[in-house]
Amino acid sequence: MMPRALAWLLFAATLTACGGSTSQTRIAGATVHTLEVDYSNVHVVQQGDAVVLIDAGYEALAGETAERVRALGLDPAAVKAIILTHGHADHAGGGARLRTDLTAQLVAGAGDQPMMAAGKNEPLCPTGSIAEGRVDEDQAATYDGYGADVWIDAPTDLAPVGGIPGRILPMPGHTRGSLVVVVGDAAFVGDLFRGAIVGGGAETHFYMCDLADNRADIRALLDAHPNVKTFFTGHFGPVDREDVEEYLADQTPTN
Ligand SMILES: [Zn+2]
């Protein structure tokens, strides 16, 4: 029981952290500034004079998040797009405010259009004890509904919308409109999986309704993008490719 209790304690400590940490990671041709917003990540991808945000955090923290983006010292006019990996409140809640504050277009998966219009999470399926302890709170989370400027329903080049070369890939599963964004040797996977609370490994996300389908999606992403070395997750992380491979191997029945 101790590891689980310790993990929960650390998780709870992260939840109550105010302001959150900011970390920098170099990827091929770009810098990623990861803002921890409550326990969700907002990734600020900077390449030359173009900046793209991946995810927007909670609505209640959006003003603070916009300030933290400006405090990175970037030209605010460089922010071209905010791409939501999916429409859950902890990723999409701040999108409308950030779009206004940073004057950027907002990009989201077409499958999440109804959820974003309602501003309410669709039914969540807990995958473990941490989620079972939080599901009522997370299921009840809401935000003022809004729509995207660009809806993605097929693989799409990132450059025309974000000014940075890359691909936006629909990957329904965690939600109907979940997206993965590939830039250089990195992939931004939202809640396809999460980082470990302790250490650098990959873990099953707190909420996933079809685990076999989820594993197949992760396998397909790895196979389709052999050059991707770093996976930026919606919570904790980032995760190295070998740790994602190890996670999948541990998940696969051996007989
Ligand atoms: Zn989610």
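In the predicted model, strands β4 (residues 50-54) and β5 run parallel and are joined by four bridges. Within this pairing, V51 lies opposite V79 of β5, and L53 has I82 of β5 as its bridge partner. Strand β5 (residues 79-83) is largely enclosed by the rest of the structure, because five of its five residues are buried.

These strands belong to an open sheet of seven strands with mixed pairing, in the order β1-β2-β3-β4-β5-β6-β7. The edges are formed by β1 (22-27) and β7 (150-152); each has a single partner strand, so one side of each has no neighbour in the sheet. On average, neighbouring strands of the sheet are turned by 20 degrees against each other, direction ignored. Helix α2 packs on the sheet, where it touches β1, β2 (30-37) and β3 (40-47), and its direction makes about 150 degrees with that of β2. Helix α4 (residues 95-102) also packs on the sheet, touching β4, β5 and β6, and its direction makes about 175 degrees with that of β5.

The largest nonpolar core comprises 60 residues, and I82, I83, V107, V180 and V181 have the most contacts inside it. Strand β10 (residues 179-183) supplies the largest share of this core, five residues. Leaving aside residues up to four places away in sequence, I82 touches L53, A56, G95, L98, R99, A104, L106 and V107.

Conventions
Residues are numbered from 1 along each chain as its sequence is written. This is a predicted model: local features need pLDDT of at least 70, side-chain atom pairs count only at pLDDT 80 or more; totals for chains, interfaces and linings use all residues. A residue is buried if 20 or more other C-beta atoms lie within 10 Å of its own, exposed if 12 or fewer, and partly exposed in between; C-beta atoms are placed from the backbone. Helices (H or I, at least four residues) and strands (E, at least two) are DSSP runs, numbered from the N terminus. Two strands pair if DSSP finds at least two bridges between them. A nonpolar core is a set of buried Ala, Val, Leu, Ile, Met, Phe, Trp, Tyr and Cys residues joined through C-beta atoms within 7 Å. Two residues are in contact if their C-beta atoms, placed from the backbone, lie within 7 Å. Axes are lines fitted to C-alpha atoms, for helices over the stretch in contact, and angles run from 0 to 180 degrees between N-to-C directions.
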